[in-house]
Amino acid sequence: MALCIRASKTLATTPLSLTLKVRFLFPFSFSLVHSCPSSLPSAPSEPDSPSETLYKQLIFNTIEEKPWAFCNTNWVSNKFHSVIVDPHLFIKVLNLIREKPRIALRFFRWVEMQPGVKRSELAFSVILDILIENNLMRSAYWVMERVITFHMHGIVDVLICGYLKLEVSVKLLDLLLLVYSKKLMVDQCLWIVDKMVRNGLLPDVKNCNRILSILRDKSLVAKSSEVYRMMKVFGIKPTIVTYNTMLDLFCKEGELQQAIELLTEMQRRGCVPNEVTYNVLINGLTKNCKLEQAEGLIGEMLKLGLKVSAYTYNPLICGYFKKGLLVEALSLGQEMVNKRVAHTVATYNIFMYGLGRWGRMSDARQQFNDMLKRNMIPDIVSYNTLIYWYCRIGNIWEAFLLFDELRCRNLVPTVVTYNTLIDGLCRLGNLDLARHLKDTMISQGIFPDVFTYTILVNGSCNLGNLSAAREFFSEMLHNGLEPDRFAYTTQIVGELKLGDPARAFSLQEEMIAKGLPPDLIIYNVFVHGHSKLRDFKGASELLHKIISVGLIPDHVTYTTIIHAYLESGHLRKGREIFHEMLSKGLFPSVVTYTVLIHAHAAKGFLALAFMYFSEMQEKGVLPNVITYNAMINGLCKMRRIGQAYKFFAEMEVKGILPNKYSYTILINENCDIGNWKESLRLYKEMLDREILPDSCTHSALLKQLEKDCNLHAVRHLESLILECEESCSAKT
């Protein structure tokens, strides 16, 4: 362990105001006086009494006669009762046997375990002194843990006030800081650092780095900055670890400007950034959507000859996938291969999640297969990722095959695995099997959490089964689980959707009683409930209430009301609310524009639909597949199928993949105009792209097939009648 040194004389000239400023940086958890305790004795200088010397010889003789003596609490001897109950005698005896440190430790441990022992900070200090002088650091660590266990915080004053040699005291204070930091007891760490610097002692920079690391993990930016400033003021030179920890904190909290300033300071002080520095910055820039700058840093690393790894590439690949930039993400993966940077399981998991998110399940599965080909073992996250996306696209069969496979590989399904499958079953309307799977997970020793029940409540409500929803909600409470805001919101949505507003309001009161006051989401749910019931007055009153309680209605609030007016055919009123929303300085979302486009296109007001479609893009709001479907549907209804195909093509050019509704709309229109071959081509194309058709798709196809079958049947019947008539004529 690096030695801390007493602060130089220059610290003595530090202005009082600066000292006080540092003093108040650290919260105190204990009420110890700052000055050295008057009760502390000085190092004993009087000669050893005969009785003390007798104990020394007695200990050595006892061990010689009985080698197992003092090894455990089962060994008992009445000869040492006075040492056990008299801390001062205990200290003197320890000092007498310090020439044999391991025996001293053995005796100390035995005394510590005896009933009636009177513990003192001084006794602990003496044994620690013995161990440190003999470099028995592991044993010293154990003793220091006992200090913390027995809340003997006064040992800090013993060490600071010169009872032991300065070098030993500093080592022990650093050891105490190490133990506190390992236990994540950051307030105690800050308290000791404060004590040390105010008494002219400098903590080891490694301990400062540990404290900064804990503060970073707790996202305590202000306190971390204070500790860093203290280090600079008192001359504790930051290391590369110090800078990397602070950079990581600033990047995680989105404080990019502070990160850049610190990087500049770091380089000015001659500290050269390493791989960790760059990885931290790349991760931070990616999280703050600065993808080009992050990729630029990878190029810089390569120029400097620094080692790039999966930790370098993974955050950036993830960032590109989040933005929907699949080409860029995949090219980074190829770059890793070209530069012989090994993919990790986490890398493959990122690719699987990103590709699945954008509907490319076959590519996601290929990533999984590539991992297996490289003899890499998928983890539970790998399986959960694929299971999740298969459930989202409705391919529950493939999801359960993966579920069986992971168990064959001796992986243990987690509550996340079960929740994902239960959600997939609920989405397909198979509530009975979802309930059975919930019971199965319990039998396997995996207990449902709040998310499990929230999924089941939501699935029940979507099927219109309010009694089942209430049953699951009650079971959650019975099992001692506390519903969170989302669980309550889900049940409230169900109560409003299935026509029991009184019960919904009762749940809201229950939330308030449990310390969960309504937030904007809850208010938006109630606005939606009123709107669905065509209670526009109630929705309007709730809008004013949101403002009165200090909340600000958002685009969801207004979009909900706009949608309700549009659905009920009040297009003009919907547009008025839209303009009111704009006047409040709120920015419409893609959902806002989509409901406006859908309502006007469906009613044949294509000019207004086109206007909103252009306006949203001018304002930087990108249309999604639902927006395009609304335009395609409106155009098909007006028999403008050529323009509908142009929107279908434009969507794909922009990297927006069509879904089953996109194909169903075009299949339906082609069937209506008698273009049977094109309908079949579209149907085959969607199957080739692993887009599963639903009952609407099949109905559209069968509608034309039915007509053809009827026509063939009539023609066959007519031919039979003609044949019969001809036969009769021939006979006559």
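This briefing walks through a predicted model of one protein chain. The chain has 732 residues, and 47% of them count as buried. Its secondary structure consists of 39 helices and 0 strands. Mean pLDDT is 85, and 89% of the residues reach 70 or more.

**Confidence**

- Two stretches call for caution. Over residues 1-35, pLDDT stays under 50. The model has 64 contacts beyond four places in sequence for this stretch.
- Residues 37-46 also stay under 50 in pLDDT. Here the model has 13 contacts beyond four places in sequence.
- Where pLDDT is low, the predicted coordinates should not be read in detail.

**Overall contacts and core**

- Take the contacts in the chain with a separation of 6 or more. Residues 24 or more positions apart account for 64% of them.
- The largest nonpolar core has 223 residues. Ile59 and Phe107 have the most contacts inside this core.
- Helix α9, residues 166-182, gives the most to the core, with 10 residues.

**Largest pocket**

- The largest pocket holds about 1,900 Å³ of space.
- The pocket is lined by 44 residues. Closest to its centre are Arg357, Gly359, Val625, Leu657 and Asn659.

**Buried positions in helices**

- Ser224 lies in helix α12, residues 221-233. Its relative accessibility is 0%, so Ser224 counts as buried.
- The side chain of Ser224 reaches back to the backbone oxygen of Leu220, at 2.8 Å.
- Ser224 also touches Leu212, Leu215, Arg216, Met246 and Leu249, not counting residues up to four places away in sequence. Leu212 is 12 residues from Ser224 in sequence, with a C-alpha to C-alpha distance of 5.7 Å.
- Asn279 sits in helix α15, residues 275-287. Asn279 counts as buried because its relative accessibility is 16%, and the cut-off for buried is under 20%.
- Beyond four places in sequence, Asn279 touches Met301, Ser309, Tyr311 and Thr312.
- Phe647 belongs to helix α36, residues 641-653. At 8% relative accessibility, Phe647 is buried too.
- Leaving aside neighbours within four places in sequence, Phe647 is in contact with Phe610, Phe613, Tyr628, Met631, Ile632 and Leu635.
- Met631 is 16 residues from Phe647 along the chain, and their C-alpha atoms are separated by 7.6 Å.

**A partly exposed arginine**

- Arg470 is in helix α26, residues 466-478. Its relative accessible area is 30%, so Arg470 counts as partly exposed.
- Arg470 touches Gln491, Glu495, Asp500 and Arg503, not counting residues up to four places away in sequence.
- Glu495 is 25 residues from Arg470 in sequence. Their C-alpha atoms are 9.2 Å apart in space.

**Loop residues with positive phi**

- His151 has phi near 55°, a positive value in a residue other than glycine. His151 is found in the loop between α7 (137-149) and α8 (155-160).
- His151 has 60% relative accessibility and therefore counts as exposed.
- Glu690 has phi near 60°, again positive in a residue other than glycine. Its place is the loop between α38 (676-688) and α39 (695-731).
- Glu690 has 46% relative accessibility and so counts as partly exposed. The cut-off for exposed is over 50%.

Technical notes
Residues are numbered from 1 along each chain as its sequence is written. This is a predicted model: local features need pLDDT of at least 70, side-chain atom pairs count only at pLDDT 80 or more; totals for chains, interfaces and linings use all residues. Side-chain values use heavy atoms; hydrogens and water are left out. A nonpolar core is a set of buried Ala, Val, Leu, Ile, Met, Phe, Trp, Tyr and Cys residues joined through side-chain atoms within 4.5 Å. Buried means under 20% relative accessible area, exposed over 50%, partly exposed in between (1.4 Å probe, protein chains only). Helices (H or I, at least four residues) and strands (E, at least two) are DSSP runs, numbered from the N terminus. Contact means heavy atoms within 4.5 Å. A polar contact is a pair of N or O atoms within 3.5 Å; within protein, one must be able to donate a hydrogen and the other to accept it, and residues adjacent in sequence count only if both atoms are side-chain atoms. pLDDT is the predictor's confidence in each residue, from 0 to 100. On a 1 Å grid over the protein atoms alone, a cavity is a set of points where a 1.4 Å probe fits but cannot get out, and a pocket is an open set with protein on both sides within 12 Å along at least five of seven lines; lining residues have an atom within 4 Å of a point. Grid points are joined across faces, edges and corners, and a volume is the space filled by probe spheres set on the points.
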